[in-house]
Amino acid sequence: MDRRVRCHATQSDRMNGKMTAAYLGHVLLCTALLVGTNCGHAPQHNESGVVQHSLIFGGSDYQYFLSKPATSDGTNALPVLFLVHGSGGDGLDFIQFWRDLANQNGIILLAPTFRFGADLEKQVPELFRALVEDAKKYSRIDPRRVYLFGYSAGGYCTFDAATLDSTYFTAAAVFAGIITPDYDGIVQQARRKTPIAMYIGDHDQFFSLAETRRTRDLLLVNGFPVHYVEIAHQDHNYGAISATVNEDAWTFMSKFALP
């Protein structure tokens, strides 16, 4: 698969991104990229309590959403979970899957909205880092606890950030995503062996167990700590099992902190 286009929206994303629980009227698919630098727009407050910020990176305007735990008074530095929605989705929808768990565990959530394009993925390490640094203007973020979560096509980008900026991001988790063989080299470029959790349904329509196990084995043979979970009777629909996946992913990632 050509890495230049692998984060683009796919027909499978459009057909299978709807969530269960009455679908909430949202379409959630893969995951993707983000970031920016200050662009001067006033933040927008949503009814959900999530604050929307606008940033400029590389001459483009990006939107991202920031959610602080309900119990936070801003005095203590907190971990941040960097969420990337799928093609056809948006950051506000995707962030809702994590709100309850984040409030219970004192996690800041950061989720952008993106239009996918070939040039965007090339900037992943710089973009992801820039967005977190910008978010530090609005929240007290613990730099030793910056985590990633990616879904489907966005999982490609999560693997990129976790390996190519491994001394910045503490740990990562991916639901229904792989490293394609043409991009195996990212694991050799990692300066640190980032802990990574992987989740795949045994009935996923778009990533086979063989492909996912190949990625798992690639990481393991290169010394990465890997938490690998195959989910019985589960397809590509993250929304249907998000609560279970999220809790397990956070249990794994939260054990780690940068030196």
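Is V245 buried or exposed? In this predicted model, V245 has a relative accessible area of 1%, which falls under the 20% cut-off, and it is therefore buried. V245 is found in helix 9, which covers residues 242-253. When its neighbours within four places in sequence are left aside, V245 is in contact with F149, F175, Y199, I231 and Y238.

The packing of helix 5 against helix 6 was examined next. Two packed helices are described by the angle between their axes and the distance between the axes. For helix 5 (residues 124-135) and helix 6 (residues 153-164), the axes come within 9 Å and cross at roughly 85°, and the two helices are therefore roughly perpendicular to each other. The contact is formed by V124, P125 and F128 on the side of helix 5, which meet C157, D160, A161 and L164 of helix 6. Of the residues in this contact, 6 are nonpolar and 1 is charged, while none is polar. An α-helix has 3.6 residues a turn, so residues three or four places apart point the same way.

Each of the two helices was also considered on its own. The 12 residues of helix 5 should span 16 Å at 1.5 Å a residue, and the end C-alpha atoms of helix 5 are 17 Å apart, which agrees. Because 9 of its 12 residues are buried, helix 5 is largely enclosed by the rest of the structure; among these buried residues are V124, P125 and F128, which also take part in the contact with helix 6. Helix 6 is mostly covered, with 11 of its 12 residues buried, including C157, D160 and A161, which meet residues of helix 5.

A hairpin is formed elsewhere in the chain by strand 3 and strand 4. Strand 3 (residues 51-57) is mostly covered, as 6 of its 7 residues are buried, and strand 3 pairs with strand 4 (residues 60-67) in the antiparallel sense over 7 bridges. Within this pairing, V51 has L66 of strand 4 as its bridge partner. The hairpin has 2 residues between the strands, and G58 takes a positive phi near 60°.

Key
Residues numbered from 1 in each chain as written. Predicted model: local features only at pLDDT ≥ 70, side-chain atom pairs only at ≥ 80, totals over all residues. Heavy atoms only, no water. Buried < 20%, exposed > 50% of the residue type's maximum accessible area, 1.4 Å probe, protein only. Helix = DSSP H or I, 4+ residues; strand = E, 2+ residues; numbered from the N terminus. Pairing = 2+ DSSP bridges. Axes fitted to C-alpha atoms, helices over the stretch in contact; angles between N-to-C directions. Parallel < 35°, antiparallel > 145°, perpendicular 65-115°, else oblique. Contact = heavy atoms within 4.5 Å. Nonpolar A, V, L, I, M, F, W, Y, C, P; charged D, E, K, R; others polar. Expected span 1.5 Å × (residues − 1).
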